[in-house]
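Student: I have a structure to look at and would like to learn how to read it. Could you take me through it feature by feature?

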Amino acid sequence: MYTQFFGNFLLNEKLITPDQLVHAMSCMKNTTVKLGFLAISAGLMTSEQVESVHSRQTREDKRFGDIAIEMGFLTKDQVGMLLDQQTSAYLILGQAIVDNRYMRHFDVERALYAYNKKYSLSLIDIMNNDTKINDTLINSLYDFSTYEHGQYYKDYITLLMNNFIRFIGSDFTPLKPEVYTGSPSYKFVSQNINGKINLSTCIFSSRDALAPFAFRYTEEDLSNYEEYIIAAFQDFLNLHNGLFIVNMSNEHQIELSLTPPIVTSELDTAKEEYLVFPFQFSFGTINFAISI
């Protein structure tokens with residue numbers, strides 16, 4: 001989840017705009033991470049050293065790694081290690097930001113250093129995507145400590161982001177949660193979780209984000225079949241909540257049950273207060289609400 005939270009960090013620090021982040025995320029599929037950016041991200045080269053290699057490449061027909069080794073900036077083993085990380089999503093996002101000239105190599109280098117220092121993240125941790133790191137990142141954005149079942153809320157949102165990555169895509173950034181006060185959403189799909197803890201859950205979005213989300217989930221173009229699009233939202237919510245109650249049983253020995261997912265036109269705030277978690281995808285914002 002390093003990628004998603006790094007995007008949030010860039011927004012909070014006002015290093016890029018929301019529109020720039022969305023566009024960079026939309027470019028990720030067609031972006032190849034260059035070795036120089038990999039070296040900067042790993043802290044093995046500075047942006048100035050990368051530029052000096054690029055400058056030499058204008059005079060010599062050699063690969064970046066070969067020149068960096070000749071200039072003493074990298075070893076052969078380090079080049080091999082960096083090339084193994086070319087498919088890392090957070091690096092692809094950073095490269096897309098640089099390619100679109102939203103930030104310079106130097107600016108990204110400083111941002112990566114500040115972010116890793118703030119949350120005590122190392123390159124090895126990031127590559128391994130360690131669970132403890134996920135907890136650190138989750139806690140950096142969401143404070144569940146004031147809620148009676150705070151740990152379960154955190155487990156729920158952590159699983160949700162993992163399910164987004166598995167079934168929808170990694171091109172999203174979590175935004176700051178807000179208490180629900182009303183929304184111009186087109187449709188709401190809700191489902192209740194009952195048992196030792198009771199949660200009302202809901203997924204909703206603006207109308208233009210419905211079809212892209214459904215397409216990602218089903219891998220079918222449902223843009224002309226509104227009922228199937230809503231059914232895809234219902235299925236995703238049911239799948240996610242089903243995995244959550246399985247985890248609650250396995251990890252906490254808490255048995256829970258689900259009601260069938262239903263479609264509503266609004267959340268009933270007279271009965272319950274909801275906390276809304278927005279997730280900015282490249283195609284629009286998907287909101288998840290849980291009762292608090």
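This is a predicted model: local features need pLDDT of at least 70, side-chain atom pairs count only at pLDDT 80 or more; totals for chains, interfaces and linings use all residues.

Student: Let us begin with the whole chain. How many helices and strands does the protein chain have?

Tutor: The secondary structure comes to 13 helices and eight strands. The C-alpha trace spans about 70 × 45 × 30 Å along its principal axes. Of the 292 residues, 49% count as buried. As for contacts between residues at least 6 apart in sequence, 68% of them join residues at least 24 apart.

Student: How do I read two helices that pack together?

Tutor: Two packed helices are described by the angle between their axes and by the distance between those axes. Here, take helix H2 (residues 18-26) and helix H7 (residues 89-99): their axes come within 9 Å and cross at roughly 115 degrees. The crossing of H2 and H7 is right-handed.

Student: Which residues of H2 and H7 make the contact?

Tutor: H2 contributes Leu21, Ala24 and Met25, while H7 contributes Leu93, Ala96 and Ile97. By class, this contact of H2 with H7 has six nonpolar residues, no polar ones and no charged ones.

Student: Now a single residue. Is Asn8 buried or exposed?

Tutor: A residue counts as buried when its relative accessible area is under 20%. Asn8 has a relative accessible area of 8%, so Asn8 is buried. Asn8 lies in helix H1 (residues 2-12). Leaving out residues up to four places away in sequence, Asn8 touches Leu141, Thr173, Pro174 and Leu175.

Student: Which residues are buried in helix H4?

Tutor: In H4 (residues 47-57), the buried residues are Ser47, Val50, Val53 and Arg56. What covers them includes helix H3 (35-41), helix H5 (64-70) and helix H8 (105-118).

Student: Which helices supply the lining of the largest pocket?

Tutor: Helix H10 (131-141), helix H11 (150-167) and helix H13 (226-252) each supply at least two residues. The largest share, seven residues, comes from H11.

Student: How do the residues of the lining divide by class?

Tutor: The lining of the largest pocket has three nonpolar, seven polar and five charged residues.

Technical notes: Residues are numbered from 1 along each chain as its sequence is written. Side-chain values use heavy atoms; hydrogens and water are left out. Helices (H or I, at least four residues) and strands (E, at least two) are DSSP runs, numbered from the N terminus. Ala, Val, Leu, Ile, Met, Phe, Trp, Tyr, Cys and Pro count as nonpolar, Asp, Glu, Lys and Arg as charged, and the others, Gly among them, as polar. Axes are lines fitted to C-alpha atoms, for helices over the stretch in contact, and angles run from 0 to 180 degrees between N-to-C directions. A crossing is left-handed if the near helix is turned anticlockwise from the far one by less than a right angle, and right-handed if clockwise. Contact means heavy atoms within 4.5 Å. Buried means under 20% relative accessible area, exposed over 50%, partly exposed in between (1.4 Å probe, protein chains only).
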